[in-house]
Amino acid sequence: MASLSKKHASFGNKLVLANFATLLICCGYLMLQFLEDNFSFTYVFENSSTLLPTFYKISAFWSAHEGSFLLMILFLSGSMFVNNSFFSGQDWMPISNATLAFILFFYLVFQIFTSNPFLTFDVLPSNGTDLNPLLQDPLLVIHPPVLFAGYVFYAVTFSLVIAGMFIGFDKKLFQSLKLWAGVSWFTLTFAILLGSIWAYYELGWGGYWFWDPVENVVLLPWLAGTAFTHSLIFSKNKILLSWMVFLGISTFLLTILASFVVRSGILNSVHSFASDPSRGVFLLSLFGVFAFASLVLFFSKSVFLQSEWPKLLSKQYLLVLNNVVLLAILLIVFLGTLYPIVTEVFYGQKLSIGPNYFSSLITPLVLILITLFSVEQFPTLLKNNKRNLFLGVFLIALVVIIIDFLKISALSVGLYFVALILSILLLKASVELITKRQISIAHKVLGHLSVVLLTFAVIANHEFSESLDVRLKPGEEVEFSNTVVRLDSVDVEGEMNFDTVVANFSIQSGETQSNLKSEKRVYKIGGVITSETGIVSTIQKDYHIVLGDRFQDGSWSIRYSINYGIMLIWISSILLLLSMLYGTIRRHGY
Amino acid sequence: MATRYFLVLILALLVMMLSIFSLSLVQTDELQTIKTQEGKKLIISEKIYDLDGNPIPFKSLTEGKVLLNVWASWCITCLVEHPFLKSITESKDVKLIGINYKDQSFNALNYLDKNGNPYEFSIFDLSGDISLKLGVTGAPETFLVIDGEIVSHRIGEVNLEVWNEKFAPYF
Amino acid sequence: MKNLLHIFKIFFIFALPIAAENLYENLNADQLKRLDYLSENIRCPKCSYGNINSSNAPISKDLKQEIANLIAEGFTDDEIFNLMEERYGNYVILKTDINENKSLFLIPLMVLLISILLVTTYTIKRSR
């Protein structure tokens with residue numbers, strides 16, 4: 001393979017560029033139709049209208065299946081181009097390119113034959129049917145592109161892993177792999193965070209994660225990607241090489257699976273695209289083809305990938321355990337999400353797997369996970385001290401028995417536990433900072449600290465949050481959990497594409513008073529009713545009001561909630577993202 | 001040797017997964033996620049009134065073939081199926097009775113004035129209580145009641161296709 | 001103009017659906033907790049996803065009200081779940097029962113335990 005001449009390689013580079021350029025033109029053309037309100041295009045007609053603000057006309061491009069898939073293809077072609085310009089002339093580049101070209105080819109065939117966004121009407125409709133109101137939100141404008149970027153970046157890591165299987169992993173290939181793995185993980189995490197923030201502020205259900213099938217399905221590649229990124233750390237010494245390759249392949253396959261589930265509509269969800277069986281069949285076959293090809297390749301090369309295996313109780317051993325726990329979480333999410341399909345096929349009956357399934361199984365595993373990576377911070381604990389290990393296991397067992405005996409709620413125990421680990425880690429980081437004047441691997445410490453902080457915030461949110469349903473007339477007030485809520489007034493306002501009822505509330509908590517408004521909107525086209533939640537955030541807790549229905553006597557039903565830890569969740573997630581970004585950049589010295 | 005077992009295991013799992021997904025894709029008949037009320041008796045324990053406030057004897061719903069249609073003036077899909085309901089009552093001998101769901105009576109009367117009234121009368125259900133006990137999840141929904149027993153129940157819009165499948169065999 | 005706006009205002013507000021009458025005012029704190037638990041675990045029958053606590057569909061509000069009444073009448077949680085399942089089918093029950101889905105809960109845990117054991121024995125074997 002390495003004997004490919006320079007001439008061929010440079011011709012290949014030009015073709016990659018040409019592919020990217022033509023796709024850019026193609027996307028630009030579709031975008032132009034949206035901006036010019038050309039409703040003779042079915043896709044434009046279905047997702048836009050003349051009343052739509054320009055900002056949302058742009059985002060309407062990726063608001064439904066056809067356009068969003070086209071955008072994904074554009075990103076794939078773009079990242080292929082970037083990969084080519086960053087690491088040009090490497091031995092493995094032609095194989096990486098060929099793999100990506102295969103993926104790109106199948107995606108394009110899929111686009112052209114099942115989801116053509118350029119279909120037109122014979123007659124020109126006067127106006128479109130408007131963009132789904134739930135999608136008319138700045139966060140949801142950026143969420144899908146970021147998500148698709150995350151997916152396609154994992155296609156690049158996949159292609160690099162495939163190349164490595166053919167001609168071996170050299171230093172430059174690892175460098176490229178780590179860069180792309182870091183960037184993909186960052187992008188996918190950012191996308192999930194954006195979706196979560198959108199769900200909290202726009203859906204108005206007072207939650208940030210609902211274990212909705214489509215949310216879960218994004219979590220699958222994310223979990224595999226997390227394990228993959230970690231398995232890359234020690235790959236320099238060829239430890240865990242085959243393990244890393246296997247994870248790299250799985251992550252990419254799971255991104256196709258995610259596309260399949262969302263775009264075929266086999267699961268009911270708030271996020272599903274309109275379903276079309278032919279799309280499902282195509283994506284499923286694509287998944288099957290890539291899965292079989294890459295797995296057979298993996299096993300046929302497994303002798304070639306012979307790698308070192310870590311020693312018992314070494315750092316690397318803990319990492320393997322960590323990966324195993326991550327994959328167990330993946331299995332839980334996978335089973336919980338797809339089991340309804342199994343019952344549907346075999347029993348002809350739809351079934352719901354509720355949030356309690358996921359949370360009751362995943363919470364203990366997350367606690368194990370953070371314990372494992374915290375222990376890793378203290379190398380002396382691991383050195384030849386099997387007695388300590390047994391002591392540790394014994395202590396944990398004792399604590400579990402006591403907890404069971406005292407019947408303390410599992411949630412609050414989790415909270416104390418996470419707080420304990422959080423303080424130990426913080427203490428360790430500060431000691432290191434004072435004695436050595438620096439934290440040895442800052443991004444790693446920060447990253448893991450923010451995961452612990454995130455877990456803490458999530459458990460606190462479940463443990464303390466409370467809510468109240470009440471009906472209020474304008475001018476009335478109600479007391480709840482040391483706060484007084486007052487409905488000041490209710491107004492009606494009109495906007496360009498919707499009318500809205502605005503309820504103004506004031507919340508008195510001790511000395512501080514804050515105002516918020518909660519809305520109920522009726523969109524002019526289609527008459528869809530949406531709620532705009534009113535939220536006041538502080539670092540500790542959020543006050544959250546959803547405006548419900550009007551009663552005949554002029555009062556309104558409201559749902560008033562006090563949600564703890566929401567700000568902490570966002571802050572820790574952003575810290576996590578920053579640490580990954582810093583780690584990725586630092587490693588490459590850009 | 002171990003890797004070979006691993007390969008076989010993974011491929012087997014993969015094949016299983018693919019076949020389950022394919023089976024789910026070829027399953028053509030759309031599964032009802034929410035149970036319909038077919039086979040149950042029509043039970044209304046409250047006193048019922050029409051839109052003008054006249055009391056209605058419960059017996060008028062349980063004698064012979066009655067098509068009950070849940071509608072509201074704020075419901076967009078109801079407006080979509082309205083012309084079809086009209087055409088059905090004009091062309092066939094159908095006794096169509098409305099259940100006006102969570103609506104102001106003047107809004108409801110306005111709606112009928114504007115779009116025509118295919119209903120013999122409409123039961124006024126401001127609170128939605130009557131409908132709730134019937135197992136209605138929203139508007140529009142349509143029940144076919146024969147001698148007090150619900151024989152067919154459609155959740156969502158009724159059009160020609162749905163009519164032919166769910167209701168036409170009884171007329 | 002202002003008059004016109006006022007008229008429009010009235011019409012617009014009146015076009016929205018009407019809510020049920022009382023709002024669980026007869027329940028004590030414990031019963032409200034139960035109401036919250038039940039509503040978290042019953043799916044809104046009209047929506048594609050979401051429980052009746054979080055959805056804005058009229059049916060969700062009504063169901064919550066009905067559940068509140070049932071609690072006040074002395075029905076237990078299980079009886080209420082059964083009643084809802086009987087009316088709308090088991091799709092609306094979001095709570096996953098461990099006893100009815102033992103394998104679903106046990107499979108991941110078994111896989112986890114077995115893989116930890118496998119990894120550890122493999123590591124011991126390799127280090128010899």
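Let us begin with two helices of chain A. This is a predicted model, and in it the axes of helix 5 (residues 93–114) of chain A and helix 10 (residues 277–300) of chain A come within 11 Å and cross at roughly 170 degrees. Because angles over 145 degrees count as roughly antiparallel, helix 5 of chain A is described as roughly antiparallel to helix 10 of chain A. Helix 5 of chain A brings Phe106(A), Phe110(A) and Thr114(A) to the contact. From helix 10 of chain A come Ser278(A), Arg279(A), Phe282(A), Leu283(A) and Leu286(A).

Next, find helix 6 of chain A, which runs over residues 138–167. With 30 residues, helix 6 of chain A reaches 45 Å from its first C-alpha to its last, close to the 44 Å expected at 1.5 Å a residue. Is helix 6 of chain A mostly covered or mostly uncovered? It is mostly covered, with 24 of its 30 residues buried. Just after helix 6 of chain A comes Gly168(A), which has a positive phi of about 85 degrees.

Now turn to a sheet. Chain A has an open sheet of 5 strands in the order 2-3-4-5-6, with antiparallel pairing. Strand 2 (477–480) and strand 6 (529–532) of chain A stand at the edges; each has a single partner strand, so one side of each is left without a neighbour in the sheet. From one strand to the next, the twist averages 25 degrees. Strand 2 of chain A pairs with strand 3 (residues 483–494) of chain A in the antiparallel sense over 4 bridges. Within this pair, Val478(A) stands opposite Val485(A).

Where does chain A meet chain C? There, 43 residues of chain A are in contact with 36 residues of chain C. Each element in the table supplies at least two residues of the side of chain A that touches chain C.

| Element of chain A | Residues |
|---|---|
| Helix 11 | 315–347 |
| Helix 12 | 355–375 |
| Strand 1 | 466–472 |
| Strand 4 | 498–509 |
| Strand 8 | 541–550 |

The largest share of that side, 10 residues, comes from helix 11 of chain A.

Finally, look at chain C itself. Chain C is divided into domain 1 (20–95) and domain 2 (100–128). The C-alpha centres of domain 1 of chain C and domain 2 of chain C lie 39 Å apart.

Definitions and conventions
Residues numbered from 1 in each chain as written. Chains lettered and ligands numbered in written order. Predicted model: local features only at pLDDT ≥ 70, side-chain atom pairs only at ≥ 80, totals over all residues. Domains from an automatic or database assignment. Pairing = 2+ DSSP bridges. Axes fitted to C-alpha atoms, helices over the stretch in contact; angles between N-to-C directions. Expected span 1.5 Å × (residues − 1). Buried ≥ 20, exposed ≤ 12 C-beta atoms within 10 Å, placed from the backbone. Parallel < 35°, antiparallel > 145°, perpendicular 65-115°, else oblique. Contact = placed C-beta atoms within 7 Å.
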